[in-house]
Amino acid sequence: MDDTKVTQSGFLGLEFIEPGDCCFYTNPHGFIALRLNGKDYPRVKLTRAYPYTEPFAYIGIEETDDKEIGMLKNAEELPAEQFSLVRKELESRYFCPVITEVLSFKEKMGHFYFEVKIGEHKTNFAVRDISRNVRTLPDGTTLIFDMDGNRYSIPDLEKIDSKNRRKIEPFLY
Amino acid sequence: MQKKDIDNAVRYDLNIRGELCEGTVTFADGIVCACADSREEFSRNLEGIKEARQFTDIGCGRLELVPEGCDDFSQNLTVCRFSMASVNDIGELCKVINHYIKHGKITEVSHNEAQRCPECGKPLIPGINACMFCVKKTYLFSRALKLMKPYSRQLLISSLLLILADGCAAVVPILNRVLTDNYLAPAGGISAGAETYRGIFLIAALLILSYAGGRVLTIFSGILSNRIGSMFSNDLRLTVYDKIQTLSLTALSKKTAGDLIKRVTRDTTQIRDFFTDQGKYAIEQGLMFIIVTIILLFTSPLLTLLVLVPIPIFIVVIFKLWGYIHLRYERQWKMDSRATSILHDIIKGIRVVKSFGNEKREISKFANASEKLADVSSSNERFWSLTFPFIGFFMGAGEFLVMFIGGRMVLDGEMTLGELTQFTMFLAYLYNPIRWFSSLPRWLANAATSLIKIFEIIDEEHDLKDTLSPAPLNAGGQIVFDEVQFGYKAYEPVLEDINLTINPGEMIGLVGHSGAGKSTMINLIMRLYDTDVGSVKIDGVSLKDIDQHVLRENIGVVFQETFLFSGSVYDNIAYAKPDATYEEVIAAAKTANAHEFIMKLPDGYNTPVGENGHNLSGGERQRIAIARAVLKNPKILILDEATSSLDPETEGKIQEALNRLTKNRTTVAIAHRLSTLRNADRLVVLEHGKIAQVGSHQQLMEEKGIYYNLVMAQRQTAKVKK
């Protein structure tokens with residue numbers, strides 16, 4: 001980043017990429033690419049530093065071999081078209097489907113089996129060590145991590161039917 | 001999920017737009033094809049494709065084909081996307097495709113670690129192959145009963161004794177009825193004659209006899225069933241333990257040590273308790289229930305119905321209540337563990353807390369958690385103290401009803417007073433089994449879980465099978481890696497295309513970054529795992545054709561961490577050769593430079609070591625390990641970081657011992673500190689699971705490749721340390 005213009009932040013001098021210097025585009029093969037100060041990165045990887053609390057700020061931009069190119073302080077400062085590109089990429093890279101309905105919730109041998117609806121799609125998964133793998137975020141969203149390494153979110157627990165909600169609630173504190 | 005779908009088809013669950021779908025990727029006739037919700041998303045042959053590669057994102061991943069001549073992945077072709085549920089299967093497919101690209105051969109996708117139940121599609125609990133929803137409990141228990149077969153006679157006797165004891169107990173209310181009806185309140189009025197007194201005395205004597213008889217029978221039955229229980233759980237423990245000993249590391253590594261220990265100790269006890277305690281009670285209480293119901297029906301059908309009708313309602317209420325109470329206490333338990341863990345954190349990290357001056361913040365954090373716990377537990381106590389008296393009251397309600405209606409029946413002459421007394425006494429007998437039956441589901445569930453776990457160990461197939469006709473091994477000590485490919489996880493090959501011949505008596509040093517595959521190569525030589533592709537041969541015989549026991553007799557190992565078993569120094573050295581004489585052990589210790597420090601110990605070779613024993617330093621343990629290897633006198637020697645984490649002086653002593661040990665033996669050594677490999681005949685440099693360089697130290701330094709860089713880097717850090 002020798003010739004890259006950067007913004008500095010705070011006394012530690014954290015450096016960010018200027019939104020005006022970079023240009024995100026889709027390469028001919030459908031991957032997100034970046035032109036930064038005249039240099040082309042034909043495919044880049046976007047990573048959230050604060051995936052739950054700041055989904056579109058502090059976005060790390062890396063080359064495909066994980067070398068960091070730089071960091072965007074706030075993706076929303078990008079031109080609308082580019083922001084929507086970045087947003088689409090982030091949302092596809094971070095897969096955390098929203099549970100719309102809990103159909104059943106059962107315990108077997110310390111593992112908790114959920115049967116849920118995600119939109120119109122029915123699926124089931126199991127959670128091990130539930131007190132560790134169900135978390136409530138400061139904004140009230142409930143996050144569930146299943147055994148395979150998938151994440152699910154329930155933005156508003158009040159909307160889950162009361163019978164199953166009562167079964168889940170004891171694990172949420 | 002069917003295993004025998006079309007050739008090489010695996011499921012995936014995200015369409016190109018990232019929405020959940022039902023998809024299948026197939027690989028047949030050199031064409032990769034992905035279909036989501038029966039619509040084709042991708043189809044292409046492998047012309048111009050370098051490799052198939054799996055990229056993992058967060059909570060999902062992509063399968064991509066990498067075209068030739070493009071290293072930055074910017075021209076990849078996305079085959080499909082998937083959530084983490086499919087990651088293993090896709091990885092397997094990836095391996096099959098890459099194998100095809102490299103060798104032109106199609107192999108079948110192995111679904112070796114099923115993660116979902118093939119019948120209901122629900123996730124399986126890792127380490128347990130039976131689905132918690134599909135497993136038939138009747139099958140489990142009938143199979144468990146077979147385990148009890150050797151004890152069937154004792155069990156029968158024990159049950160008979162219990163039934164007799166039940167009989168004794170059942171006599172008591174009947175005697176009471178006779179006492180009331182014939183002597184205390186007979187229909188024709190009381191007659192206080194000598195005959196009456198004799199009658200009362202007789203009944204009193206019979207009462208004492210039946211009480212005493214009942215107790216004695218119960219005691220004998222108890223003694224017998226305890227004996228059966230101990231023998232049964234001992235059998236079960238040995239079976240499970242034996243099985244664990246014979247399992248391969250691949251099978252064992254899926255389970256933690258704690259889990260295995262629990263299976264040997266806790267699960268077997270759980271099953272014993274179920275069969276000897278609960279099983280006994282089931283017979284006793286079930287029989288009691290039937291006998292009492294029959295007697296009650298004979299005494300008064302109307303009253304009996306009055307008592308029996310509420311029972312199903314009562315059982316349902318108890319069940320529901322249990323579920324609810326369980327949830328409440330779960331919550332309390334969670335609060336409790338949260339408060340405890342906060343406290344634990346603060347106390348353990350007290351230096352950090354104090355040095356940042358955060359005491360107040362931490363106190364309020366704990367106070368908050370503690371308050372919540374207090375709230376929940378007081379609410380639970382309140383609930384408890386409010387509900388249970390009510391339950392007791394409703395349970396007793398049947399009795400009040402019987403008193404009321406029965407009393408009227410007595411007055412109307414439809415029933416005698418004795419019959420009513422007998423009835424109410426039997427009623428108490430009836431409630432006991434009911435109370436017990438309401439806790440039965442919990443017992444059943446616990447026992448079923450333990451049975452599943454135990455049967456799973458018993459049923460585990462050996463994945464490293466010995467051949468039926470093992471080839472003899474006259475180890476000269478030549479080791480050959482022939483086109484070896486291997487990965488612990490299906491989708492992560494750790495070793496690829498390994499071709500290497502190690503000559504008898506040669507010392508090979510394995511060099512490379514951590515994770516390059518050095519330890520894996522060693523594990524393969526010891527056949528702790530089997531290769532995925534290719535073979536490892538010793539003196540021309542594939543490891544799969546050698547009896548595993550014979551193989552390990554010919555290989556000696558010194559690990560970085562030496563595990564000492566509880567026992568004396570002698571025991572630990574002689575572990576390699578249990579019949580070693582005292583002289584042999586001393587000689588081995590001398591060769592290993594261990595004799596000197598052992599003699600300094602007040603108890604010499606009798607010093608207890610291991611857990612609860614004398615604390616030996618790392619270097620001392622290492623020398624004991626070397627002595628073990630010396631005593632074993634193997635043709636092939638493996639040194640896995642044998643001299644790391646030691647101070648230079650100790651290292652010198654150990655190096656000296658090792659030099660004596662490696663003489664005339666084929667040796668494969670791993671060392672991070674490259675200087676310790678200076679005696680190696682050849683060095684093999686591994687990089688990303690492939691052999692990058694082979695040659696002597698001199699040659700490799702001249703090549704200025706990876707090895708040169710590693711040596712230079714170490715010299716740098718050594719300088720910095722100085």
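Me: How many helices and strands does chain B have?
Reply: Chain B has 20 helices and 19 strands. Keep in mind that the model is predicted.

Me: What share of chain B is buried?
Reply: Buried residues make up 45% of its 722 residues.

Me: What about contacts within chain B, how many join residues at least 24 apart?
Reply: The figure is 68%. That counts contacts between residues at least 6 apart in sequence.

Me: New topic. How many residues of chain B are in contact with chain A?
Reply: In chain B, 41 residues are in contact with 34 residues of chain A.

Me: What is the area buried between the two chains?
Reply: It is about 3,500 Å² between chain B and chain A. Carbon and sulfur atoms give 61% of it.

Me: How many salt bridges are there between chain B and chain A?
Reply: Three salt bridges. One of the pairs is Glu115(A) with Lys122(B). Their closest N and O atoms are 3.8 Å apart.

Me: And polar contacts, how many residue pairs?
Reply: Eleven residue pairs are in polar contact between chain B and chain A, counting pairs with both residues at pLDDT 80 or more.

Me: Which elements of chain B give two or more residues to that side?
Reply: The strands are β2 (20–28), β6 (60–67) and β7 (77–83). The helices are α8 (310–348) and α11 (417–459).

Me: Which one gives the largest share?
Reply: α8(B) does, with six residues.

Me: What classes of residue are on the side of chain B that touches chain A?
Reply: That side has 17 nonpolar, eleven polar and 13 charged residues.

Me: Which residues of α12(B) are buried?
Reply: Lys518(B), Thr520(B), Met521(B), Ile522(B), Asn523(B), Leu524(B) and Ile525(B).

Me: What comes just after α12(B)?
Reply: Arg527(B) sits just after that helix and takes a positive phi of about 50°.

Conventions. Residues are numbered from 1 along each chain as its sequence is written. Chains are lettered from A and ligands numbered from 1 in the order in which they are written. This is a predicted model: local features need pLDDT of at least 70, side-chain atom pairs count only at pLDDT 80 or more; totals for chains, interfaces and linings use all residues. Side-chain values use heavy atoms; hydrogens and water are left out. Helices (H or I, at least four residues) and strands (E, at least two) are DSSP runs, numbered from the N terminus. Buried means under 20% relative accessible area, exposed over 50%, partly exposed in between (1.4 Å probe, protein chains only). Contact means heavy atoms within 4.5 Å. Buried area is the accessible area (1.4 Å probe) that two parts lose on being put together, summed over both. A salt bridge is a side-chain nitrogen of Lys or Arg within 4 Å of a carboxyl oxygen of Asp or Glu. A polar contact is a pair of N or O atoms within 3.5 Å; within protein, one must be able to donate a hydrogen and the other to accept it, and residues adjacent in sequence count only if both atoms are side-chain atoms. Ala, Val, Leu, Ile, Met, Phe, Trp, Tyr, Cys and Pro count as nonpolar, Asp, Glu, Lys and Arg as charged, and the others, Gly among them, as polar.
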